[in-house]
Amino acid sequence: MKLVLASRNRHKMLELRSFLQDLPVEVVSVDDVAPGLTLVEDGSTFVENALKKARTVFAHTKIPSLADDSGLEVFFLNARPGVISARYAGDGAGDEANNKKLLREMRGVAARRRHAQFCAVLALVGPGYEEIAVGTCPGTLTESSRGTNGFGYDPIFQPEGFSRTYAELSQDEKNRISHRARAFAALRDILKRRLT
Ligand code: IMP
């Protein structure tokens with residue numbers, strides 16, 4: 001089965017190939033089959049964004065297409081930053097500015113009200129079907145940055161059951177519990193079903 005990844009992020013491509021390596025799936029990039037195609041992320045939910053991108057690529061290529069969207073939801077902030085996680089402090093502001101803004105907004109908020117979750121959504125669109133795989137990782141927002149591994153909000157998110165942040169976990173440890181790993185596990189089940 002051939003699958004187009006509706007993303008230009010090389011890291012995501014490698015990650016997807018590695019997660020699916022034992023399945024008879026060939027993953028190609030959107031740039032291989034539809035160079036220049038615009039992928040828009042303007043939805044108000046992760047599902048909306050992922051579905052929109054996968055539908056766009058499938059409409060152009062007629063090859064089963066996979067797209068993702070992910071982010072951090074802080075319950076005290078009504079699930080913000082959510083779909084604007086990448087640009088919370090403004091377009092091009094970067095991880096450090098995003099983390100600072102979030103910590104500032106949460107300053108003085110008691111530990112019991114600092115619940116948050118990471119969420120990853122994968123949308124698979126093919127001939128006559130649309131499937132969604134979701135993975136979440138519950139945890140809490142810390143009061144300051146800790147750790148240097150990973151990216152994004154990793155230094156200020158402590159997953160449930162751990163006393164370390166995502167950024168203090170090794171890549172292997174994070175891959176065992178992360179929202180993305182859980183979404184990939186759900187996707188694998190979907191693909192296995194579709195392959196039989
Ligand atoms: P996207 O899914 O590539 O659009 O990523 C959205 C944003 O969510 C990223 O830029 C990060 O700010 C945040 N994010 C998603 N997954 C993670 C993660 O595993 N660790 C830290 N931040 C993440």
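Which element gives the largest share of the lining of the largest pocket? I found that this share, four residues, comes from β3.

**Entry: basis.** I worked on a predicted model, in which local features need pLDDT of at least 70, side-chain atom pairs count only at pLDDT 80 or more, and totals for chains, interfaces and linings use all residues. Residues are numbered from 1 along each chain as its sequence is written, and side-chain values use heavy atoms, with hydrogens and water left out.

**Entry: largest pocket.** I took a pocket as an open set of points on a 1 Å grid over the protein atoms alone, with protein on both sides within 12 Å along at least five of seven lines; lining residues have an atom within 4 Å of a point. The space in the largest pocket is about 820 Å³, a volume being the space filled by probe spheres set on grid points joined across faces, edges and corners. I noted 32 lining residues, with N9, K12, S70, F151 and R180 nearest the centre of the pocket. Two or more lining residues come from each of α1 (10–19), β3, α4 (95–105), α5 (171–177) and α6. Helices (H or I, at least four residues) and strands (E, at least two) are DSSP runs numbered from the N terminus. The lining divides into seven nonpolar, 13 polar and twelve charged residues. Here Ala, Val, Leu, Ile, Met, Phe, Trp, Tyr, Cys and Pro count as nonpolar, Asp, Glu, Lys and Arg as charged, and the others, Gly among them, as polar.

**Entry: ligand.** I located the ligand in the largest pocket; to sit there, more than half of its atoms must lie within 2 Å of the grid points. The shell around the ligand draws two or more residues from β3 (65–74) and from α6 (179–195). β3 gives the most to this shell, with three residues. I counted 15 residues around the ligand, of which K12, S70, D154, K174 and R180 come nearest; a residue is near if one of its heavy atoms lies within 4 Å. By class, the shell holds four nonpolar, five polar and six charged residues.

I then looked up polar contacts, here pairs of N or O atoms within 3.5 Å. A ligand oxygen is 2.7 Å from a side-chain N or O atom of K12, and a ligand oxygen is 3.4 Å from one of D69. For D154, a side-chain N or O atom is 2.5 Å from a nitrogen atom of the ligand. The ligand taken alone exposes 480 Å², and the protein buries 88% of that; I used Shrake-Rupley areas with a 1.4 Å probe.

**Entry: cavity.** I found one cavity of 30 Å³ or more, a cavity being a set of grid points where a 1.4 Å probe fits but cannot get out. The volume of the largest cavity is about 100 Å³. Its lining includes K12, D69 and R180. Two or more lining residues come from each of α1, β3, β5 (115–126) and α6. I noted seven nonpolar, no polar and five charged residues in this lining.

**Entry: backbone.** I recorded a cis peptide bond from R80 to P81, with omega near 0°. P81 belongs to strand β4 (residues 80–81). K62 is not a glycine, yet has a positive phi of about 60°; I placed K62 in the loop between α3 (46–61) and β3.

Note on methods: Polar contact = N/O pair within 3.5 Å; in protein donor to acceptor, adjacent residues only side chain to side chain.
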